[in-house]
Amino acid sequence: TFEHNKKIDKYFPDFVIGNLIIEIDGVQWHDKEKDKIRDEVISSYGYTVVRIISTENIEQRLKDILGVG
């Protein structure tokens with residue numbers, strides 16, 4: 001299943017696909033230390049967190065992550 005901003009603990013990850021969390025990080029808006037804590041909490045619920053930086057080719061990274069195209 002695909003969900004957008006599903007609540008996990010006190011967080012709302014960008015995208016949830018099964019047990020995979022995909023976060024799209026804007027260069028200016030993210031704090032690496034806070035993201036690390038957030039990822040640890042979300043991972044404790046059995047999810048795998050993958051982060052994509054907004055300056056990357058998002059479409060290609062998603063294809064790579066999901067093993068399509």
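Predicted model: local features only at pLDDT ≥ 70, side-chain atom pairs only at ≥ 80, totals over all residues.

## Salt bridges around Arg 51

Asp 25 and Arg 51 form a salt bridge in which the closest N and O atoms are 2.7 Å apart. Asp 25 belongs to strand β3 (residues 20-25) and Arg 51 to strand β4 (residues 48-53), so this pair ties together parts that are 26 residues apart in sequence. With a relative accessible area of 6%, Asp 25 is buried.

Arg 51 also meets the side chain of Asp 39 in a salt bridge, at 2.8 Å from N to O. Because Asp 39 lies in helix α1 (residues 32-43) and Arg 51 in strand β4, the pair ties together parts that are 12 residues apart in sequence. Both Asp 39 and Arg 51 are buried. A network of salt bridges links Asp 25, Asp 35, Asp 39 and Arg 51.

## Other salt bridges

Seven salt bridges are found in a search of the whole structure. One of them joins Lys 6 to Glu 3, with the closest N and O atoms 3.7 Å apart. Lys 6 counts as partly exposed, at 27% relative accessibility, and Glu 3 counts as partly exposed at 30%.

## Nonpolar core

The largest nonpolar core consists of seven residues: Ile 8, Tyr 11, Val 16, Ile 21, Ile 42, Tyr 47 and Val 49. Leaving aside residues up to four places away in sequence, Ile 21 touches several residues, including Ile 8, Val 16, Ile 42, Tyr 47 and Val 49.

## Ends of helix α2

Asn 57 caps the N-terminal end of helix α2 (residues 58-66), with a side-chain oxygen 3.3 Å from the backbone nitrogen of Glu 59. After α2 comes Gly 67, which has a positive phi near 70 degrees.

Note on methods
Residues numbered from 1 in each chain as written. Heavy atoms only, no water. Core = buried A, V, L, I, M, F, W, Y, C linked by side-chain atoms within 4.5 Å. Buried < 20%, exposed > 50% of the residue type's maximum accessible area, 1.4 Å probe, protein only. Contact = heavy atoms within 4.5 Å. Polar contact = N/O pair within 3.5 Å; in protein donor to acceptor, adjacent residues only side chain to side chain. Helix = DSSP H or I, 4+ residues; strand = E, 2+ residues; numbered from the N terminus. Salt bridge = Lys/Arg side-chain N within 4 Å of Asp/Glu carboxyl O.
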